[in-house]
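I opened this structure to look up a few side-chain features and keep short notes on them. The entries follow in the order in which I looked.

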Amino acid sequence: QVEVVESGGGLVQAGGSLRLSCVASRGSSTIGAMGWFRQSPGKERQFVAAVQWFTERADYKESVKGRFTVSLEKAKNTLYLQLNSLKPEDTGVYFCAARRGTAAINVASTYEYWGQGTQVTVTD
């Protein structure tokens, strides 16, 4: 069973930046992919970005391309999400997730392990 724990959320003005971190432990050798998903009030959880563990191939939600960067630090079993040029519509709880497979890494239902989430709030 993989355990994932996020950190790094906060309150920031539009145009600002944040860096989220997610540490995977307890069974991390079975990970095939990790990703970030976002849930805003009244909305379903949405894909933001994900990366395949071995190839480090990344995938992004269209609206965050060029602003967000997902990266892995394998030696520390850590996934990062650099959020730049933040907009109010980026506000939400950001969840880190891990899974054993590597296909369809942008689909939330394919992930087996989830963190508790970290709040990101972007003000005008």
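**Entry: salt bridges**

I looked up the salt bridges and found six in the structure. The term stands for a side-chain nitrogen of Lys or Arg within 4 Å of a carboxyl oxygen of Asp or Glu. The model is predicted, so local features need pLDDT of at least 70 and side-chain atom pairs count only at pLDDT 80 or more, while totals for chains, interfaces and linings use all residues. Residues are numbered from 1 along each chain as its sequence is written, and side-chain values use heavy atoms, with hydrogens and water left out.

I took Glu 56 and Lys 74 to begin with; their side chains form a salt bridge at 3.4 Å, N to O. Glu 56 is in the loop between strand E5 (46-52) and strand E6 (58-60), and Lys 74 is in the loop between strand E7 (68-73) and strand E8 (78-83), so this pair ties together parts that are 18 residues apart in sequence. Strands (E, at least two residues) and helices (H or I, at least four) are DSSP runs, numbered from the N terminus.

I then checked accessibility, where buried means under 20% relative accessible area, exposed means over 50%, and partly exposed is in between (1.4 Å probe, protein chains only). Glu 56 is partly exposed at 42%, and Lys 74 is partly exposed at 30%.

Next I noted the salt bridge of Lys 65 with Glu 62, at 3.1 Å from N to O. Lys 65 has 44% relative accessibility and counts as partly exposed, whereas Glu 62 is exposed at 59%.

Glu 73 and Lys 76 also form a salt bridge, and their closest N and O atoms are 3.8 Å apart. Here Glu 73 is partly exposed at 28%, while Lys 76 is exposed at 52%.

Which residues are linked in a network of salt bridges? I found Arg 38, Arg 67 and Asp 90.

**Entry: Thr 78**

I moved on to Thr 78, which is in strand E8. Thr 78 is buried, with 5% relative accessible area. A polar atom of its side chain lies 2.8 Å from the backbone oxygen of Lys 76. I counted this as a polar contact, that is, a pair of N or O atoms within 3.5 Å; within protein, one must be able to donate a hydrogen and the other to accept it, and residues adjacent in sequence count only if both atoms are side-chain atoms.

What does Thr 78 touch, not counting residues up to four places away in sequence? I listed Ser 21, Cys 22, Val 23, Ser 71, Leu 72 and Glu 73. Contact here means heavy atoms within 4.5 Å.

**Entry: positive phi**

Most residues other than glycine have a negative phi. I therefore wrote down Asn 77, which is not a glycine and has a positive phi of about 50 degrees, and which is partly exposed at 21%. Asn 77 is in the loop between E7 and E8.

Ser 85 also has a positive phi, near 50 degrees. I located Ser 85 in the loop between E8 and strand E9 (92-99), and it is partly exposed at 42%.

**Entry: aromatic rings**

I found five aromatic pairs in the structure. The rings of Phe 37 and Phe 47 have centres 5.8 Å apart and planes at 65 degrees, so I noted the pair as edge-to-face. Rings of Phe, Tyr and Trp (its six-membered ring) pair if their centres lie within 6.5 Å; planes under 30 degrees apart count as stacked, over 60 as edge-to-face and the rest as tilted.

Phe 37 lies in strand E4 (residues 33-39) and Phe 47 in strand E5, so the pair ties together parts that are ten residues apart in sequence.

Phe 95 is in strand E9 and Trp 114 in strand E10 (residues 113-114), so the pair ties together parts 19 residues apart in sequence. Phe 95 is buried at 9%, whereas Trp 114 is partly exposed at 27%.

I noted that Phe 37, Phe 47, Phe 95, Tyr 111 and Trp 114 form one aromatic cluster.

**Entry: charges over rings**

I looked for charges over rings, meaning NZ of Lys or CZ of Arg within 6 Å of the ring centre and within 35 degrees of the ring normal. The charged end of Arg 19 sits over the ring of Tyr 80, 3.9 Å from its centre. The charged end of Arg 99 sits over the ring of Tyr 111, 5.6 Å from its centre.
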